[in-house]
Amino acid sequence: MSLATETNQQYYQGTQIFVATTGQKDFTTTFDTNLIFGSNDNTSVKYALNNFKVYTSQTGLPGSFFEDFANYTVTNNIISFEDAPFNNVPSTPYVVVQLKTLDGGKYGNTQAEKAYGNTVEENYGSYQYLKLSDIVNNYMVGYVGDGKIIQSAKKSDVVFFAKRSLQEFSYDTLKSIKSQELTIPSSLSLPIPQDYVNYVSFCYIDTLGVKRPLYPNNNLTTNPYYNLLQDSDGVPIQDNFGENIEGTSITEERWKSADDRLINNQAFNQLYDNFAYGLYAEGWYGSGPWDWGRLYGLDPQTSQVNGWFGINEREGMFTFSSNLRDKLIVVDYISDGLAYDLDTRIPKLAEEAMYMSISYNLLAGRANVSEGVVARFKKDRRAALRNAKIRLSNIKLDEIVQVMRGKSKWIKH
Amino acid sequence: MVNVNTVYQTVLYVLNKEQRGYIPPDEFNSLAELVQEEIFQSYFPDGSQLNRQNQNNTQNDTEFFNIFKNLNYKLYPFEQEVEFFYDPTFDCWFNSQNSEYAIQPIYLLGEIISSYSNGVTNTTPAASVSPSIDSITQLVSKKDYEKIIRSKLTAPTQQFPICYQYSSPATTSVSLKVFPLPKALNINCILSPASPRWSFQTGGLGQYIYNPSTSFNFTLDISEQNNLIIGILKYAGVVINDPTIIEVASQEAQKTSVNEKS
């Protein structure tokens with residue numbers, strides 16, 4: 001059985017067409033995407049929850065399709081009309097189910113009738129992934145049973161190790177596809193994304209749409225976890241319940257109001273560029289900061305004008321340097337692959353690595369398994385994981401060659 | 001199925017051959033039920049033992065001489081997919097023996113399939129997500145259940161539901177608590193064998209005349225006919241106090257058993 005079950009039209013257009021037989025009321029859709037049904041009544045709030053629209057036509061000719069608000073329900077991806085479309089006149093009407101798509105599909109005649117949404121686009125590229133449930137079911141078929149090394153395994157154990165493996169793979173093997181585009185407010189801080197585990201990169205986007213990398217402020221400032229109020233002797237003050245009283249962080253206030261140009265030498269470069277050079281050239285060995293860098297070399301981590309970001313663990317916020325106010329930024333980050341249903345999918349390029357990882361974890365934690373078997377699966381897991389990493393690194397020889405050409409290297413290929 | 005009259009006539013024939021005695025129908029019916037139960041019960045330890053060949057990769061792949069497969073085949077009269085019903089009072093699923101399913105009591109639970117249609121969604125107001133999911137449900141102990149639900153990684157979902165056995169006050173049959181709650185539950189079960197009965201009418205001379213309309217055959221597979229006869233003869237020897245019958249029948253039964261398992 002082929003793995004791709006949708007027709008080309010279902011995949012690309014999100015459309016399934018039925019030529020109804022006389023009196024036919026039930027229409028079974030076969031999309032990979034399940035139909036979500038809120039209501040057939042377009043005046044109902046729930047109508048917006050539908051991820052599809054239904055159109056009918058008596059002739060099937062372009063422009064003759066109209067959205068059908070007839071009384072219908074959806075169960076098991078079957079659309080069931082109370083009465084046959086057009087009450088059997090003509091006897092073979094056309095029924096179209098259109099999943100919501102960015103361009104609204106081609107069956108609606110007005111903007112209101114178009115099926116706007118991104119259901120179709122969410123399905124694009126889905127063939128490169130496997131669902132976690134498929135991994136577990138495949139594993140139970142292929143690796144567990146009489147005559148196999150793992151004679152029996154509880155499904156809950158397999159699910160546990162499959163999810164743990166997906167978490168581990170998400171951290172260092174799978175592609176990082178999570179990112180948020182945000183504008184930095186005047187508070188210079190943004191909440192950490194709901195499914196955030198770690199960041200990959202921060203950058204602000206300039207007017208050309210080009211990414212400008214931001215750098216961590218680790219060695220410049222900090223976000224103190226406790227900001228204690230003190231008495232005149234420096235001892236923390238407690239409230240009536242015996243708990244320490246905390247105030248706002250002065251460090252953070254100073255950082256927010258800091259002029260970045262004083263850190264990255266920009267201010268002095270601008271103000272004293274000619275002046276400092278003049279002093280230096282005249283033999284006036286000045287003691288001002290304008291000489292830094294020129295005398296001792298620049299510190300690369302502070303010699304940039306893009307800006308800095310930090311993570312305030314106490315407040316759960318990303319913080320940014322003051323020059324980034326109102327700037328557009330993009331945060332690339334990784335999650336653990338389990339936060340949302342849409343995340344729990346595994347690239348086919350890492351399928352074998354997932355099986356090997358589950359096998360090793362099952363065997364390693366099991367009593368009376370010979371150490372040789374465990375070692376074998378450990379090697380298999382490592383080899384499969386390495387393979388997956390190489391595959392997912394997406395290294396293309398032509399692209400490497402193109403980069404190396406710019407480095408004055410003579411590459412034959 | 002093994003014809004009860006064939007077995008009874010054969011037993012009588014062997015017993016009467018040397019005027020050893022006679023087994024009346026009531027005694028035969030009791031012995032028949034006992035032996036059928038004995039053979040039925042032996043399938044499970046024997047199956048486990050024969051499965052070791054599968055586990056050791058020493059099983060043959062022939063069409064008819066795979067002993068494990070043959071033994072498995074003998075269970076077909078008892079294997080049935082049974083629908084369970086939801087009891088909202090005790091929030092459990094139970095089998096009604098009065099239904100068209102499972103006329104006999106359930107002996108063992110096999111693969112449990114939970115069906116879900118209306119997925120729980122996070123949308124408000126809730127939309128019905130229409131996939132129909134038939135999921136294999138893991139039967140666990142209450143102890144394991146308590147552990148499994150406490151881990152977010154293993155907490156039951158519609159794709160990976162779990163259940164545990166529950167003694168419902170509303171029924172004497174087996175009940176299950178299933179999580180998440182499905183819309184339907186079907187279980188592949190092994191049912192207990194029905195009691196065989198050799199029923200009769202009294203003839204003009206006071207003799208017993210077999211009445212097939214009120215009799216019940218053995219539920220066992222036809223291949224068990226010889227084992228049934230030997231088993232009944234063994235107990236008949238006890239009843240009529242004839243050691244030679246017991247000895248011969250026991251030796252015969254043992255020979256068969258050894259041959260099958262070696």
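Helices here are DSSP runs (H or I) of at least four residues and strands are runs (E) of at least two, numbered from the N terminus. The structure is a predicted model, in which local features need pLDDT of at least 70 and side-chain atom pairs count only at pLDDT 80 or more, while totals for chains, interfaces and linings use all residues. Residues are numbered from 1 along each chain as its sequence is written, chains are lettered from A in the order in which they are written, and side-chain values use heavy atoms, with hydrogens and water left out.

**Exercise 1. Describe the interface of chain B and chain A.**

Step 1. Start with contacts, meaning heavy atoms within 4.5 Å. On this rule, 25 residues of chain B touch 26 residues of chain A.

Step 2. Turn to buried area, the accessible area (1.4 Å probe) that two parts lose on being put together, summed over both. The two chains bury about 2100 Å², with 58% of it on carbon and sulfur atoms.

Step 3. Look for a salt bridge (a side-chain nitrogen of Lys or Arg within 4 Å of a carboxyl oxygen of Asp or Glu). There is one between the chains, and Asp144(B) and Lys154(A) form a salt bridge at 3.2 Å, N to O.

Step 4. Ask which elements of chain B take part. At least two residues each come from α2 (25-55), β4 (128-129), β5 (133-139) and α4 (142-148). The largest share, three residues, belongs to α2(B).

**Exercise 2. Find the cavities and say what lines them.**

Step 1. Recall the idea: rolling a probe the size of a water molecule over the atoms shows where empty space is left. On a 1 Å grid over the protein atoms alone, a cavity is a set of points where a 1.4 Å probe fits but cannot get out, and lining residues have an atom within 4 Å of a point. Points are joined across faces, edges and corners, and volume is the space filled by probe spheres set on them.

Step 2. Count: two cavities reach 30 Å³ or more.

Step 3. Finish with the second largest cavity, of about 40 Å³. Among its lining residues are Leu188(A), Trp255(A) and Phe320(A). Here α5(A) gives the largest share, three residues.

Notes. 1 Å grid on protein atoms, 1.4 Å probe; cavity = no way out; pocket = protein on both sides within 12 Å on 5 of 7 lines; lining within 4 Å.
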